[in-house]
Amino acid sequence: KQIINQSLDEMQLHLTPAIRAAFNRRGLTVHQSVTLASIIEKEVDNNADKPVVAQVFLKRLKEGILLQSNATDAYAHMNSAYDSYEHKGLPPGPISNVTDSSLRAVAYPADTDWLYFVTGDDGKTYFSKTLADHEYQVKKHCKRLCK
């Protein structure tokens, strides 16, 4: 109980009124925002890429496109609401703890219009606007990790 309370207290320090207002401007609740931040947390390690990945997912949500996040695979079992390849929208809850950088990425996403991304074997994230370009980036940069 003490660890849970400490964790919740720590989260409240990062969920400032400004961050909450930024979530609200995106049309997201705090729960939805933390859920999205948890996916971003597991998708990319580079803090500079997180706002761009947030933009990709927010665009997909807005356009009703499946998130298709590899990060949710570990939580998706047959007919699971966590299966972002089968179910539109966000999963029912977070898939991990989040860092401040992932919360901020959701609150203040990049101003781009990417629709796809892949993290290559080199640890770099490659962004694409079309499925054809995305498939090319996967083929070119992700031979080991994407198997």
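This is a predicted model: local features need pLDDT of at least 70, side-chain atom pairs count only at pLDDT 80 or more; totals for chains, interfaces and linings use all residues.
## Ground rules

Local features here need pLDDT of at least 70 and side-chain atom pairs count only at pLDDT 80 or more, while totals for chains, interfaces and linings use all residues. Numbering starts from 1 along each chain as its sequence is written, and side-chain values use heavy atoms, with hydrogens and water left out.

A pocket is an open set of points on a 1 Å grid over the protein atoms alone, where a 1.4 Å probe fits and protein lies on both sides within 12 Å along at least five of seven lines; lining residues have an atom within 4 Å of a point. Points are joined across faces, edges and corners, and the volume is the space filled by probe spheres set on them.

## The largest pocket

This one comes in at about 510 Å³. It has 21 lining residues, and Glu 43, Asn 70, Tyr 85, Phe 117 and Val 118 are the closest to its centre.

E1 gives the largest share, four residues. By type, the lining has 14 nonpolar, five polar and two charged residues (nonpolar: Ala, Val, Leu, Ile, Met, Phe, Trp, Tyr, Cys and Pro; charged: Asp, Glu, Lys and Arg; polar: the others, Gly among them).

## The second largest pocket

Here the space is about 300 Å³. Of its 14 lining residues, Ser 7, Glu 10, Met 11, Asn 97 and Val 98 sit closest to the centre.

Helices H1 (2-14) and H5 (100-107) are the elements giving two or more residues, with H1 supplying the largest share, six. The lining splits into six nonpolar, six polar and two charged residues.
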